[in-house]
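Please look through the model below before reading on. The paragraphs after it go through its elements one at a time.

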Amino acid sequence: MRHIDQATLHAIREFMALPWMAIESGKKHARLVNRRTGDFVPLPGSSSDHRAARNAKAAASRLSKTGRGFIFAKKGRKTD
């Protein structure tokens, strides 16, 4: 498993307890994956600045509530 900063782990701890969320090792960064949608958010390996843990927590919250993560952000919204 890739290294995850302690501040980030502490920030996303509540989301790791959810049964549909899991941490996986990616190519360069660890990922927090929503097993329901298959989408993920990358987790920082180091806290490059004071916002890293806060941004990871916001992304994990969005992923757990809506299932939208990195893949959704890259592909954009569907216009049904």
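The model is predicted, so local features need pLDDT of at least 70, side-chain atom pairs count only at pLDDT 80 or more, and totals for chains, interfaces and linings use all residues. Residues are numbered from 1 along each chain as its sequence is written, and side-chain values use heavy atoms, with hydrogens and water left out.

The sheet comes first. Helices and strands are DSSP runs numbered from the N terminus (helices H or I with at least four residues, strands E with at least two). Three strands make an open sheet in the order E1-E2-E3, with antiparallel pairing; two strands pair if DSSP finds at least two bridges between them. E1 and E3 are the edge strands, each pairing on one side only. From one strand to the next, the twist averages 25 degrees. Axes here are lines fitted to C-alpha atoms, for helices over the stretch in contact, and angles run from 0 to 180 degrees between N-to-C directions.

E1 and E2 are joined by five bridges and run antiparallel. They form a hairpin with four residues between them. E2 and E3 pair in the antiparallel sense over four bridges. Their hairpin has five residues between the strands, and Gly38 in the turn has a positive phi of about 85 degrees. Across this pairing, Leu32 stands opposite Val41 in E3, and Val33 stands opposite Phe40 in E3.

How enclosed is E2 by the rest of the structure? Four of its five residues are buried, so E2 is largely enclosed. Buried means under 20% relative accessible area, exposed means over 50%, and partly exposed lies in between (1.4 Å probe, protein chains only). Val33, in strand E2, counts as buried at 8% relative accessibility. Not counting residues up to four places away in sequence, Val33 touches Trp20, Met21, Ala22, Glu24, Asp39, Phe40 and Leu63, where contact means heavy atoms within 4.5 Å. Val33 and Trp20 are 13 residues apart in sequence and 8.2 Å apart in space, C-alpha to C-alpha.

H2 lies across E1, E2 and E3, running at about 25 degrees to E2. The buried residues of helix H1 (residues 6-16) are Thr8, Ala11, Ile12 and Phe15. Those residues are on the same side of H1 because they cover an arc of only 80 degrees around the axis, the arc being that of the directions from the helix axis to the C-beta atoms. An α-helix has 3.6 residues a turn, so residues three or four places apart point the same way. On the other side of H1, Gln6, His10 and Arg13 are exposed. The buried residues of H1 pack against strand E1 (21-25), strand E3 (40-43) and helix H2 (52-66). One of them, Thr8, has a relative accessible area of 0%. Leaving aside neighbours within four places in sequence, Thr8 is in contact with Leu43, Pro44, Ala53 and Ala56.

The largest nonpolar core has twelve residues: Ile4, Ile12, Phe15, Met21, Ala30, Leu32, Val41, Leu43, Ala56, Ala59, Ala60 and Leu63. Such a core is a set of buried Ala, Val, Leu, Ile, Met, Phe, Trp, Tyr and Cys residues joined through side-chain atoms within 4.5 Å. H1, strand E2 (30-34), E3 and H2 each give two or more residues to this core, and the largest share, four residues, comes from H2. Met21, a member of the core, is in contact with Phe15, Met16, Leu32, Val33, Asn34, Ala60, Leu63 and Ser64, leaving aside neighbours within four places in sequence.

The aromatic rings come last. Rings of Phe, Tyr and Trp (its six-membered ring) pair if their centres lie within 6.5 Å; planes under 30 degrees apart count as stacked, over 60 as edge-to-face and the rest as tilted. By this rule the count comes to one aromatic pair. Phe40 and Phe70 form this tilted pair, at 5.4 Å centre to centre with 35 degrees between the planes. The pair links distant parts of the chain, with Phe40 in strand E3 and Phe70 in helix H3 (residues 70-75), 30 residues apart. Phe40 is buried, with a relative accessible area of 11%, whereas Phe70 counts as partly exposed at 38% relative accessibility.
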